[in-house]
Amino acid sequence: MISGRFWRRATDEPALYAGGILVLLNIVAFSPVWRPTGETLGAANALTAALLAFLVKLVESRKVGRVLKSYSEWLRQGGPYEIVGAIVGREGICEEIECELRDRKSRNPQLLLGGVGAGKTSVLILLTENLARRGLLPVPVQLGGSDSTLDFLELAHRRFLAATVELPEDDRERAWRRLVEDDKVVVLADDLQEALGSVGALGRESVVRSALQRARWQRLPLVVTSLPHGPLFRAIDVTVTELEPLDEGEVATLLHMSDWHHERLQGEWLVRTAQMAEAPFYLRLTGELIRSGLLESGTFEFAEGPWRDRSRVRVSLWKTWESALVRRLHPEVALSEAERWAALEWLSVYACIGLRDDTVAVPLDSLDMASEVDVPIIGEVLRRLRVQGAENIDAPMGAAYAEALGLVEIQGASVRFRNSLLQAYFGSRLMDVATRDSLYMASALRCPSRELLISLVLHSRAVALRATREDPAAPPHDFHVVELLRVAARGRADARGLDVWVTAVEIDNVSGGSQLAVIAQEIAVMWPDIRSSLRENVEVNKLEFVRRFGEALRATEPSEQTCGQRARQGYRLLWSISGRDNLASVRLAASREIADGGNVARAALDSVLGSTCRAACGQRRENRGGRSADSPLRRRAASAERERRSDEEHRARTVSAWLAPSLAGSVVGRGGDSEAQTVMLRAREDLMQWLVHGQDLRMTEEIALAQGFKYAANRRLRHPRTSRETKEYLMERALQMLAGAAHWFSQVTLIQALALWALPDDLESHGMDRRAAEETVNDWTRRIPTQLLHPFVREAAELAVRALEIGQPTRFIWLDERETLSRVGSAQAPALLLSDVWLPVSTGWKALDRRAQQLMADVVLLLNLTEREGRPAEIESRLSGTLGHHLPPCLTSDRSPLLPDLPAVGELPLAGSTCLRSCQFSLCPYPSPGMLPRQAELPAAFCRTQRTSLSRAGAVRRHAAPWQRMTRWELRRFWDVMRARALRG
């Protein structure tokens, strides 16, 4: 029997003992004791070698198992993450990332982009749990500590060794090599924007590119999170996923699953007003307050009032949480209240220094080397500590206390904030002093970080909170901060400049928007010059600016929100953006903010909206009036001038057509308010103009008008800017338009809009009877002025029946094709209990039924073929060419002419040059990536889902759409090519 000591030594060096046994066996074979034949000796050697190989493998597996057990225990205890409770709404995006990581052949680094507090780390936590359950080795890596080099695999190696430090080093190294060889290691790297802090901007970009490219060559399963960084990542082979907002219903449900005893309406109000779906960090904050009982004890106000916007409610949450942290939270930490207050005060100093230097890792000795810039804030903290009787607690001790409370990590000689929103809030506690320090603000606003701007907004709401408690009738003023931001933003035609402008708007909004008109004028002058840089993608910042600017216009009290200079300049700016910006997503976002402006927006834009349709139709009749008698030279000059103006006029007409029904749906005629009644009548007159001149509309204008109807139909009766009378009026107008709509896409859009209006708004309802749903939809389709329905229209009608039958529109209807494709969303249909719209902004393509996904995919393919780059007249010609009830053969029978993998270099073939001989549409090849906007591209995850949805067995077209007369092999091959195209970016 083998002794325990011998066995332990054998497990340490299995190969040495295995070789020794084989040598001993052969020595015995050549001795006089035993003389076997050659065959017997060979068989004995082979048997012994196999047995020993098995034992060696068993021993090695046990060693790896011990290491994995130790590592798994480390992960179960939280690993590098702080325990954040339940994570909701991210299952879909995690599932897609896991599927992409599983495919070794086409594996690219996965880049997860999201704003400050959007929940990027929460996704990594959920991924860690899911991958560990599948038997893989997720290795979380914090990139904030990397200084001059960046190697993801080496960083993961160090993290793995540090997590299993109690085991022998040889065992850990052997286990790591084995796991890497078996493709079991998945690296989850957080906060790429914090990496390489000691390297300059250009050098940092080069190192990041090289590191990501190295990971791709290694086929390393890698997921990296970062703030939006645009072109830097799209220029290399990485799969970019943008983190979308959560579903508000899921967030509210999670609150009520906690120990929440308030009414549901209060939870809904809190989720909606604080916009927790966009910043899930506040959901975690609220969860801690619920567990501490502070939201039950009356310390938090659930009431509307002046300045009760998103940031104001968030500041109230922060203040309540701060009080709980000092008195109730973390009772296991043996610190007195004075010591906890001191920790928060010193942490505020570190936060201010980090905000000034744009870093979450602040040197511990930064206070010892404090310059005159930091003297005022340090002096303020010392004064506060003397009041609290905690002047004996210095900065390093305060940092240690803060680490014990779980607020920061002390890494070497630095204090690192666990979350950048924590840094922003603690910095806001001293912003009253910092904003009056010219040296600090000059240094901080030279290149302001997003966290600094968030801190300034939080500070403005904290000032408002104090002011309303002292004198509720007097609005707070923070003019000097707004002026500082305006000065810092002037001359900045980049993404960061937009952040500064919108921060100035939010802070100015606290005092009633007194400077909003001037700010809008300055932004309007600067807007055409804003461009993306190598470091930042301006599209994300433009979208955020438009959204927050629209919120600011709607935020003040109704009595103050008149059609004065402020509202007129604000909505004129949005109108200008909606018609002139070069990004379709930004134009759509600006149009939506105008549509949500209701009466005030319509009144502010009265001079531009009312005449657009009349001018457009009058121009069309003039163009049909006959040939001019001028000379050919003059005709050519006049034609060139018309073409020059056509681009601007075309966009203005399209936006005006989209706004006509959407504004008519948000303008409310309040009883007894003659001005409101007048605005409502004008909005409806605008809509009737477009409908009356329907035969004179261009295809793009008809499509925009139909999309405006669907946007208005998305509002439920509980929406504050709609009513039952408005719903019935718009439904009649939509049926009127459907009876004259010529283009198939307009017909599809109108059927979806009518289906949303037909849904019962009763939350307890589960849809209507199947036969009633069919009769309702058939009544709509009979109005279409064609004998045969377009295949897409027929499928949209069948999906509308399903939506009415089961009462879940998010499974069968989408709001905007390209916007929905850009979001993964949750696999489950969003909860509609909280939402005042049928299709929430968080809805992605994953919630759609398989048939709805197939329809949306081919709709986008055909739209991309027709709406590719070109002058408005060229787009109009291609759209007119797809009228009727036939589809191009490249979508029905043979997709090879599309050539979606055509490289975007050299001279590109013209539209129609690769079509089949029998094709009359002249649309192929498919536009190359550079010819389409980013949202128009079908993402890789969606293409993979379309491929896998096709049947692997059974009938040839078992899971193909009715209009797809191709084999499943041809369709799978097509989606493989589309996925490869998306991965190449």
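Start your selection with E7 and strand E8 (residues 414–417): the two pair in the antiparallel sense over 4 bridges. Keep in mind as you click around that this is a predicted model.

Now widen the view to the whole sheet. It is open, with 3 strands in the order E6-E8-E7 and antiparallel pairing. Color strand E6 (361–363) and strand E7 (408–411), the edge strands, each of which pairs on one side only. Going from one strand to the next, the twist averages 25 degrees.

**Stop two: a helix crossing**

Next, bring in helix H14 (residues 337–357) and look at it together with helix H16 (residues 395–404): their axes come within 8 Å and cross at roughly 105 degrees. Crossing angles from 65 to 115 degrees count as roughly perpendicular, and H14 and H16 are therefore roughly perpendicular to each other.

Which residues make that contact? On the H14 side, show Glu339, Ala343, Trp346, Leu347 and Tyr350. From H16, show Ala395, Pro396, Gly398, Ala399, Tyr401 and Ala402. If you color this contact by class, you get 9 nonpolar residues, 1 polar and 1 charged.

**Stop three: the parallel sheet**

Clear that and select the strands of the other open sheet. There are 5 strands here, in the order E2-E3-E4-E1-E5, and the pairing is parallel. Strand E2 (137–142) and strand E5 (239–242) are at the edges with a single partner strand each, so one side of each has no neighbour in the sheet. The twist averages 20 degrees between one strand and the next.

Helix H4 (residues 91–102) lies across E1, E3, E4 and E5, and runs at about 160 degrees to E1.

**Stop four: strand E4**

Zoom in on strand E4 (residues 222–226). Is E4 largely enclosed or largely open? Of its 5 residues, 5 are buried, so the strand is largely enclosed by the rest of the structure. Show the side chains: Leu222, Val224 and Ser226 point one way, Val223 and Thr225 point the other way, and all are buried.

Then look at the strands paired with E4. Strand E1 (residues 110–113) pairs with E4 in the parallel sense over 4 bridges; click Leu111 and you'll find its bridge partner in E4 is Val224. Strand E3 (residues 185–190) also pairs with E4 in the parallel sense, over 3 bridges. There, Val187 stands opposite Leu222, while Leu188 has Val223 as its bridge partner in E4.

**Last stop: Met768**

Finish by jumping to Met768, in the loop between helix H34 (744–758) and helix H35 (770–781). Is Met768 buried, exposed or partly exposed? Its relative accessibility is 23%. Buried would need under 20% and exposed over 50%, so Met768 counts as partly exposed.

What does Met768 touch? Leaving out residues up to four places away in sequence, show Ala758, Ala773, Thr776, Leu804 and Glu805.

Technical notes
Residues numbered from 1 in each chain as written. Predicted model: local features only at pLDDT ≥ 70, side-chain atom pairs only at ≥ 80, totals over all residues. Heavy atoms only, no water. Axes fitted to C-alpha atoms, helices over the stretch in contact; angles between N-to-C directions. Parallel < 35°, antiparallel > 145°, perpendicular 65-115°, else oblique. Contact = heavy atoms within 4.5 Å. Nonpolar A, V, L, I, M, F, W, Y, C, P; charged D, E, K, R; others polar. Buried < 20%, exposed > 50% of the residue type's maximum accessible area, 1.4 Å probe, protein only. Pairing = 2+ DSSP bridges.
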